[in-house]
Every structure is written in C-alpha cells, then in structure tokens.
Amino acid sequence: MVLQMDSNRPDVILTRPPRASSLLADRLTQTGLFGRICISPLISTAINDVTVDVSDVDGVIFTSANAANSVGGHKKTAWCVGDSTARAARDKGWLAKSVDGDVETLFRRIVAEGQGQRLIHLRGDHSLGDLAPRLSNAGIYARELITYRQLTHDLTSEAKQRLSREKPVIVPLYSPRTARQFVLQAPFEAPLITACMSEQVEVELQNLLQVACIVSNRPTGDGMLEAINLAKDVYCRIAGDAKQA
C-alpha cells in the first residue's frame, strides 16, 4: 500500500470524554506539531443522582477527574491518583493530595500514610483495582459510592472518514474500556499508531492491526503526552520512508 503523506504533521483522533479531549486538543495544538485533531469521544459521563455524605469520614478517594467533577467539594483530604485528578478535586474545594501514579500507587500510599483514617472512594460504575475492599482488608476503613456512569459511543463520522484513508493516524487511548470500544469498530484502512496509558490498555489492542503501539512509561497525563510525541516521531519516520519510496 502506498501511503499518502501530505504533511509531517500527523492527524490525531481523541477518544476521551468531551471535556478531557478538548483540554488535550488545546495542549497538542499549542505545540504546533500536529495536523488535524478530531475529537470523537468513545466514553462520556452521566452524573448519578446520589447523596454524598462525608460527615463520618476523614477524606475521600478519587481515581479519576470525572469522579472529582461529579460531586461537590468539602474541606477534607482527597487522595487522588494523579495530578489532573488532584487539580479537579482542588477546584471543587478538596484538600487534594496527588500520588502521581496509578491505582496501585494510590493503594500503597494510603496504606502507608492513611492508617486510622476513615475514607470513601467516590467512583464511576467502571473502576479498576477494587480499592475500597482492598483497603478494608489492609485495616483501613473504606467504603465506596458510585457517583457517575460511563456511557459508550461510536466514532463520529469525521473520525470514521479519517480512519478510512491511507494516511496514518495517531489514536491515544487512556483506558481499557475505551480501547475495547475502539476495537469493536475495526477494521480500519488507515495505518494506526496508538499511544496507550498502560499495559492494560495495550492488551485490549492485541487483535488490532497497528503500525506501532507506544505505551506510556507512567500512567499520568504528562506520561501520555510523552507517548503521543513518541507516536508523532514514528509517524515522521513513516512519512520520510514514504517520500523516499
């Protein structure tokens, strides 16, 4: 197949929920290193109508910015999985603490520093790590409350058009569930260069035909930006090879 390369600036399809995709699109646009950025959320959130009572706990746990955005804030400690989640929690009024890692990092930090605390994990209907039960087993009081739901969506018509061409496309994927939703809509004509938040995300793509898969060396927003830039470098190498052919 002859690759039709019209620029050294790759197109990107963003599949995160609308707000997160818009923020990421702004950051990528500011670099000037990317071409057309198509926002096509495969996951969106719907806030549950629940009462969040934190009167009997010392703090909360957030494993996503979506969770922090789904509830009001209090002047109590919020254990947060990463910096973006901590920013969302801080904006709501929580006393946010970021472990700048993944759920396992968060679990270990709470076990090490949270002994004697009573906590509630505010989360979505799909959440990895079984955090509250594991903390309870480790001797820390922890319960959980589902504050929002995750809804799945098909790719937009523009994203489908991009994926039906011969020009390679970069697709960042931030969660296993998003990756599964993406794979369900394959096959794609466009050569794919994916950037994955974790090895768990990469596993979901094992049956998907790809030119390259870049796995972030740490499951954070900044780690994913680095992975996306590495994906851009792969694209540029492909573009150079195509021009020489």
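Guide: Two strands count as paired if DSSP finds at least two bridges between them. Strands (E, at least two residues) and helices (H or I, at least four) are DSSP runs, numbered from the N terminus. By this rule, 6 strands form an open sheet with mixed pairing, in the order β3-β8-β7-β4-β5-β6.

Visitor: Why are β3 and β6 said to stand at the edges?

Guide: Each of them has a single partner strand, so one side of β3 and one side of β6 (95–98) are left without a neighbour in the sheet. On average, neighbouring strands of this sheet are turned by 30 degrees against each other, with direction ignored.

Visitor: What kind of model is this, and how are residues numbered?

Guide: The model is predicted, so local features need pLDDT of at least 70 and side-chain atom pairs count only at pLDDT 80 or more, while totals for chains, interfaces and linings use all residues. Residues are numbered from 1 along each chain as its sequence is written, and side-chain values use heavy atoms, leaving out hydrogens and water.

Visitor: What is the mean pLDDT of the protein chain?

Guide: On this scale of the predictor's confidence in each residue, from 0 to 100, the mean is 92, and 95% of the residues reach 70 or more. Over residues 1–6, however, the pLDDT is below 50, although this stretch has 16 contacts in the model beyond near neighbours in sequence. A contact means heavy atoms within 4.5 Å.

Visitor: What makes β4 and β5 a pair?

Guide: Strand β4 (residues 59–62) and strand β5 (residues 77–80) share 4 bridges in the parallel sense, and at least two are required, so the two strands pair. Within this pair, Phe62 stands opposite Cys80 in β5. Helix α3 (residues 83–92) lies across β4, β5 and β6, and runs at about 180 degrees to β6; axes are lines fitted to C-alpha atoms, for helices over the stretch in contact, and angles run from 0 to 180 degrees between N-to-C directions.

Visitor: Why is Gln150 called buried?

Guide: Buried means under 20% relative accessible area, exposed means over 50%, and partly exposed lies in between (1.4 Å probe, protein chains only). Gln150 has 16% relative accessibility, and therefore counts as buried. This residue of strand β8 (residues 141–152) touches Ile43, Ser44, Asp125, His126 and Arg177, not counting residues up to four places away in sequence.

Visitor: What makes helix α7 mostly covered?

Guide: Of the 8 residues of α7 (residues 176–183), 6 are buried, including Arg177 and Phe182. The buried residues of α7 pack against β3 (43–47), β8, β9 (169–173), β10 (192–196) and α8 (199–203).

Visitor: How many disulfides does a search of the whole structure find?

Guide: The search finds 0 disulfides. A disulfide is a pair of cysteine sulfur atoms within 2.5 Å. The sulfur of Cys196 is 3.5 Å from the closest cysteine sulfur, in Cys213, and therefore too far for a bond. Cys236 is in no disulfide either, as the nearest cysteine sulfur, that of Cys213, is 18 Å away.

Visitor: How accessible are Cys196 and Cys236?

Guide: Cys196 counts as buried at 0% relative accessibility, whereas Cys236 is partly exposed, with a relative accessible area of 29%.
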